[in-house]
Amino acid sequence: MSLRCLVSRLVQGLLVLWIAFTLSFFLLYWLPGDPVITMLGAGGELQNFDPAEVARLRAEFHLDQPLIVQYLFALGDLLRLDLGTSIQAGTPVTEAIATALPSTLALAASALVIALIVGTAVAVAATLTRRPWLRDILAALPGLGVALPTFWVGLMLLQIFSFRLPLFPAVGTGSPAAIVLPAGTLALPLSAIIAQVLFRSLQNAWIQPFVTTFHASGYTRLRLLLRQALPVALLPTLTMGGVLFGQALAGSVVVENVFSRQGLGRLAQTAVTGQDIPLVQGIVLFAAAVFVLLNLLTDLSYPLLDPRLRAARLKPEKKDGDTLAEAAVREGGSPGTTPSSSTETAGARP
Amino acid sequence: MPFANLSVSDPAQLTDIRRMRRAKNHTRVSLAALAAGSLLLAGCSGSAQADGENATPQNGGVLNVAYDVDPTCLDGQQVGQNVTLNITRQITDSLTDQDPKTGEIKPWLAQSWDVSDDAKTFTFHLRDGVRFQDGTDFTSASVKENFEAIEDLGAKATIGQSYIDGLKSIETPDEQTVTFTFDRSNAQFLQATSTMNLGFYSSKTLDQTAEQRCTGADLVGTGPFALDKVEHNRAITLKRYDDYDWPSSLAGHEGPAHLDGIEFSIVPEASVRNGSLLSGQVDVDTSVQSQDEKTLEAQGLDIVSRANPGVVYNLVPKTTGAIASDKAVRKALVKGIDREQLKTVVSDHQAPATSVLAKSTPEYEDLSDVLAYDPDGAKKLLDDAGWKPGAGGIRAKDGKKLSTTLTYWQDAPFLELVQQQLRTIGFDLQLEKRTIAEVTALQAEGKEDFTFGNLTRSDADILRNYFGAKEQNANTREPGEIDKVLARTTETLDEGERKADFTEAAKLILDEGYSIPIVELTGIVGTGKNVHDFSFEASSRYQLYGTWLDGDQ
């Protein structure tokens, strides 16, 4: 990727952040309710509020200004990288996010690792098998995995592996064992997505002429699949990085609730129900920033994975570590070595 | 907080409940036999091990309490939510304590007190040798700076403000004496000094901003437990204050607390709390769902509950509303609810309202005859007032339908039965459950005909605070006879006189239909077999100083 391209990508990223910020700002203010009243009435039981005090607090949070002024205030704070203070808990928003982040990261990372292993295993097994009934079953699994509600799966896992068999703790983030069930629960829909996309691309790669050629030259099915088809098929899966991250974050809201874990999902949920506007905005911005960053990283990593994008700048020479497919491409081979029928192919990217 | 846990929506389940009650009696008998057996065994082996609440308390262990919601702000001087106050009670002490059985005010950090005859001046004589958890001394100066801090908090300390309304001066003639002077009679102040909303923090805590105090980073009190760690949405951890030696005169023992510490875990999912309690992963579930009560009791676990004192769950009409302005409508609603039938949909541990006040309020008087179910009387009232039955049985007058929308956030499925009952008298109550933020905002706008809610306080003064035209004025009405009676209650500390006046006020409120009482709010807590002496203080918040865990910790 050229420097100019990188800069334009960064500008695009900032634009996405600004839109996310603006949209969430107006959406939150459009909701019925008043953050100050909500804060004062935190107990839920009816209380009377001194109108003068309410007015003073509204002024403190700039809530007495016209909406556009409030927006400019918020935007100004954002440019100074000041995300403000949580109305309910009194902590700076950055601190609240920083506290919740490690737990969610650990959860999402473990879930992704599990999902990659399980998803790849299912896709590879489905491609490899010669029994049609087994292939049908394996190919149907992703659909099932996506269809099962995370909430229900979590409760079932708890019921079996925590309440009946005391293997894992049901509550808390304390011990390493505590992450097993929530990560497993979150991994289920993620692995389903990975398995689905990977299976498709593997099937695509599997029918390419080069596979037949290699097959004819004595490669075993397994070796061929793992050494040649899989690296090619992984590309479209990689483009899913941003989507998977979004899925993991959305799933964490449910998973963190069921497993009583601290984290971004729980933070987002309490912030939304409590109409803690600065906190909700902070979380939206954070999520958008990670999303933008992940997509940028994906783009940057294409040339590393797709030889065609690299070939433009690199001198074609065969290295030992290269796969035969890459070599075939560089040596003027058919572009059909990548699953070009899929819309997510790298070739379709700028 | 949402403590109303109801599930038996089908009257046919009544028989189940009866069967369960019978079964419960059986378990009690067999438990007693077991206990007797184990006592015998204990006698034989000479060990001190014994079951039952009369056993010798053991020291040690951390009590794992499962909360349903996260206490966003941890400062009890600022917030009124139960999840916060349950923690505040463990980390701060009060000048006085209130006997949950009798409602009497007893010594705590104040050994004695004098109240002037006009109930304007209150002098407290403080206990010697009390220290905050940071080692600083608790003196009359601490009392003064805490009350001044509450005044400074303004609207952020709504409850505390209402207790010290009209405070003129605080004098501290010596380290052990503090005198409060009000510019008008304020009899309720004595009970207020027993609440955790008026608990004490060290100077260092008070130096912080309101926001910093909320985070709980440095909330230092004089209580038997100190705040150790706050991890929002995960757990609030307390550890024992080892030098503690100034419990309330109502406490069962001296010295530090029995427990090493308390961990309040935040477990939002009811089924997870229940499973964790049954599998022994937590010791206390603070919000048991009524469908889980059977399972817990069948397994021999205890359910402890105490109705929140104060104003019960009730509909509060606004006299400015289109329909609620009509006294006949308000009165018809009071008569049109069959509270006996509500028993079928609420928890076994929860009672229908028998007055505006809950039975656990010290000045409570049974007014169930005023609240008797009288659908014919209700219909007649509406007929006479010109509300004629119209389309679909819903009454109307001058083209205006007898229909209103109630927004609420509480876990209150019994409202659906109320809705059905009111429909039979021709009143259409539309229910709309929203988030707490939306409901609070709507109520602040004051455009609705009716609001729904409760108010907790272990003193009937909550009636004055809630319904008084000069106070919250929940009905947005003009001052009247009720306010004269309520004003009288501020002038005397004589419990007999106060009770008589509050009862008169409650009768007037019901007679005008200013409150339509429904059910009492009751926190239903499940405790593990190893948990002993889990108790409630007068306002039905937890008092865990005497709580202990037995067996192999």
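Here are some notes on a predicted model, to read beside the structure.

1. Some ground rules. Residues count from 1 along each chain as its sequence is written, chains are lettered from A and ligands numbered from 1 in the order in which they are written, and side-chain values use heavy atoms, with hydrogens and water left out. Because the model is predicted, local features need pLDDT of at least 70 and side-chain atom pairs count only at pLDDT 80 or more, while totals for chains, interfaces and linings use all residues.

2. Start with the sheet in chain B. Seven strands form an open sheet with mixed pairing, in the order β8-β9-β10-β1-β11-β21-β12. Strands here are DSSP runs of E with at least two residues, helices are runs of H or I with at least four, and both are numbered from the N terminus; two strands pair if DSSP finds at least two bridges between them. The edges belong to β8 (225-231) and β12 (302-307) of chain B; each has a single partner strand, so one side of each lacks a neighbour in the sheet.

3. Now look inside that sheet. β11 (residues 284-285) and β21 (residues 522-527) of chain B pair in the antiparallel sense over two bridges. V284(B) has T527(B) as its bridge partner in β21(B).

4. α2 (residues 82-91) of chain B lies across β1 (62-67), β8, β9 (235-240) and β10 (261-266) of chain B, and runs at about 140° to β8(B). The angle is taken between N-to-C directions, from 0 to 180 degrees, using lines fitted to C-alpha atoms, for helices over the stretch in contact. Contact means heavy atoms within 4.5 Å.

5. Which residues touch the most other members of the largest nonpolar core? They are F124(B) and F180(B), in a core of 62 residues. Helix α3 (residues 140-153) of chain B gives this core its largest share, five residues. A second, separate core has 55 residues, including W387(B) and L455(B). A nonpolar core joins buried Ala, Val, Leu, Ile, Met, Phe, Trp, Tyr and Cys residues through side-chain atoms within 4.5 Å; buried means under 20% relative accessible area, exposed over 50%, and partly exposed in between (1.4 Å probe, protein chains only).

6. Finally, the two chains meet. In chain B, 46 residues are in contact with 45 residues of chain A. About 3700 Å² is buried between them, 59% of it from carbon and sulfur atoms; this is the accessible area (1.4 Å probe) lost on being put together, summed over both parts.

Methods: Buried area = accessible area lost by both parts, 1.4 Å probe.
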